[in-house]
Amino acid sequence: MRSDRHTRAPLRLKIAAGIGLAFLHLPILLIFLYAFTTEEKSYQFPPPGLTLKWFAVTWNRPDVWEALGLSVRVASISTVVALTLGTLCAAAISQTRFFGREAISLLVILPIALPGIITGISLRSAFNLAEIPFSFWTIVLGHATFCVVVVYNNAVARFRRMSGSLIEASMDLGADGFQTFRHVILPNIGTALLAGGMLAFALSFDEVIVTTFTAGQQATLPIWMLEELVRPRQRPVTNVVAMVVVLVTFLPILAAYYLTRDGDQISGQGK
Amino acid sequence: MSASALKATAILPGRGGIGGALSDAFWRKPTLLLFVLLTPPLLWLGIIYLGSLFALLVQSFFSIDEFSGLVVREFTLKTYGELLRPANLDIIVRTLTMAALVTIASAILAFPIAYFAARYAKGRWKAVFYLGVMLPLWSSYLVKVYAWKLILAKEGILTWIFDKLHLTVLIDSWLALPVVGGNSLSVSPTGTFLVFVYVWLPFMILPVQAALERVPSNLLEASADLGAAPRQTFLNVLLPLALPGIIAGSIFTFSLTLGDYIIPQIVGTSHLYIGMAVYAHQGTAGNIPLAAAFTVVPVVIMGIYLWLAKRAGAFDAL
């Protein structure tokens with residue numbers, strides 16, 4: 001690009017892009033404002049007054065804490081399962097060529113590519129057919145299934161950038177397979193796994209469609225919110241919970257971004 | 001280490017123990033390693049996921065006894081026949097129309113953001129745009145829907161803005177229109193449409209941006225040098241090259257709209273969409289066969305869509 005004219009964006013494009021970004025962010029910012037409103041019967045704008053009292057009210061609500069606790073437990077276990085399965089699958093797919101490779105990568109992506117309602121209803125009807133009662137574990141079963149893909153995607157991308165000669169060098173220097181995994185492979189894919197795990201956690205923490213089908217009486221935080229959305233009873237408490245959920249999900253996403261951002265400087269990548 | 005010691009350890013002795021034996025076996029037979037790696041994920045996805053999908057497909061060929069309300073486990077196409085009843089066809093057509101409109105609107109909104117991020121944003125601005133798309137993409141789906149409930153409410157911010165601008169009559173006359181209107185924005189198809197576009201927009205931006213990143217800027221300069229007006233360059237050079245990205249994005253927006261049942265339930269009229277019909281039939285009605293047959297509709301539509309998209313080269317843009 002030699003002339004300055006081409007490196008500057010046309011004004012109209014700038015405005016359109018700016019409007020687009022504002023469209024994406026203003027609604028979320030609005031949530032923050034509503035968490036402080038004194039109005040409790042309607043969604044009145046502008047808020048008649050601002051208060052901090054709903055934070056205290058929410059803090060003392062056992063049902064919110066219970067839902068939050070369940071969500072954290074489900075997300076943690078689903079993340080562990082997804083990390084194990086996703087890494088195994090990524091290692092197999094990226095390090096070898098074999099018949100049916102494409103089919104397997106499609107199978108991993110399928111749970112997230114098909115609409116959630118299909119995953120949800122098929123799991124529910126399968127649990128019914130097999131007469132498995134709905135419990136904590138049925139929720140985990142559903143969540144882990146669609147969380148595998150985010151770990152898999154992150155790990156596969158990192159495996160691709162990792163040079164195969166590193167593994168060979170480690171073997172040549174006398175390390176066995178397990179030592180190579182522990183000292184060469186794991187440090188290389190570590191941050192990708194951490195990022196994948198955080199995204200899996202965020203995905204599970206937020207999931208509602210599959211959960212409505214696989215949960216029995218338990219309410220995860222999104223289920224709790226859905227009930228409030230359909231039949232609003234505690235508008236101010238819902239506002240505060242919504243704001244907290246936004247903050248809680250932003251952190252792992254920012255962390256995942258910073259962990260994978262410097263991925264270009266992976267050792268052995270220059271080869 | 002002396003030279004003789006080096007010589008002695010040039011060929012290492014086999015490592016003892018189970019770990020060593022396993023490691024040696026994996027090295028000699030890579031297929032064994034592959035088998036060990038793939039078995040757990042394939043068992044999980046194959047049995048839990050594919051098994052359930054298959055069970056659902058089988059149930060769509062069962063029917064429900066109209067008197068007892070029990071599922072009759074015999075092969076029949078009767079349930080699929082029920083899909084063709086006017087009420088159910090209505091649901092399918094309504095959902096498809098909504099999905100198509102949402103896809104077109106997202107593509108139009110996404111293009112400037114993606115183009116700016118791909119071509120003009122540098123350094124810090126690049127990060128701002130990336131996070132600016134990733135944060136809304138990953139933030140809670142329900143919170144986003146909730147935010148729109150606040151925005152579209154009769155006493156909400158949108159009404160307030162239009163009131164301050166003395167344009168309330170605009171909203172009122174739009175809501176008075178027959179198909180898109182309703183009592184208020186939060187119970188009209190327009191509201192449903194807005195929320196759908198908002199929630200799925202990031203899924204369109206990312207693949208379009210990926211496609212645009214790969215358009216060399218000298219192509220655009222060449223087009224301009226050869227005398228094309230910006231509009232001509234856009235239509236004849238940029239758009240065809242971005243098309244695979246747009247199609248890739250449309251896979252998400254289309255598929256997600258087809259399967260969603262929460263947005264039209266919270267912001268919208270009482271008219272059903274496919275997702276809501278599935279939910280209603282499997283839940284209170286207990287008509288699993290019809291619910292299963294309904295889920296086959298988006299699967300078939302997406303199957304055809306994916307096949308066409310693959311032919312258009314959309315997967316290279318993902």
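Helices here are DSSP runs of H or I with at least four residues, strands are runs of E with at least two, and both are numbered from the N terminus. The model is predicted: local features need pLDDT of at least 70, side-chain atom pairs count only at pLDDT 80 or more, and totals for chains, interfaces and linings use all residues. Residues are numbered from 1 along each chain as its sequence is written, while chains are lettered from A and ligands numbered from 1 in the order in which they are written.

The span 70–91 is one of those that an unreviewed UniProt entry lists as "transmembrane region" in chain A. The entry also lists residues 12–36, 103–122, 134–152, 185–205 and 240–259. UniProt positions follow the numbering used here, feature names are shortened, and annotations may be inferred rather than shown by experiment. Residues 103–122 of chain A are 90% helix and 0% strand, with end C-alpha atoms 21 Å apart.

Confidence was examined next. The pLDDT is the predictor's confidence in each residue, from 0 to 100. Chain A has a mean pLDDT of 83, and 94% of its residues reach 70 or more. Residues 1–5 of chain A have pLDDT below 50. This stretch has 3 contacts beyond near neighbours in sequence. Two residues are in contact if their C-beta atoms, placed from the backbone, lie within 7 Å. Residues 263–271 of chain A also have pLDDT below 50, with 13 such contacts.

The contact between the chains takes 67 residues from chain A and 74 residues from chain B. On the side of chain A, α2(A) gives the largest share, 14 residues. That side holds 50 nonpolar, 14 polar and 3 charged residues. Ala, Val, Leu, Ile, Met, Phe, Trp, Tyr, Cys and Pro count as nonpolar; Asp, Glu, Lys and Arg count as charged; the others, Gly among them, count as polar.

Within chain A, the axes of α9(A) and α12(A) come within 9 Å and cross at roughly 160°. Axes are lines fitted to C-alpha atoms, for helices over the stretch in contact, and angles run from 0 to 180 degrees between N-to-C directions. The contact includes M198(A) and F201(A) of α9(A) and P252(A) and I253(A) of α12(A). By class, this contact has 13 nonpolar, 3 polar and 1 charged residues.
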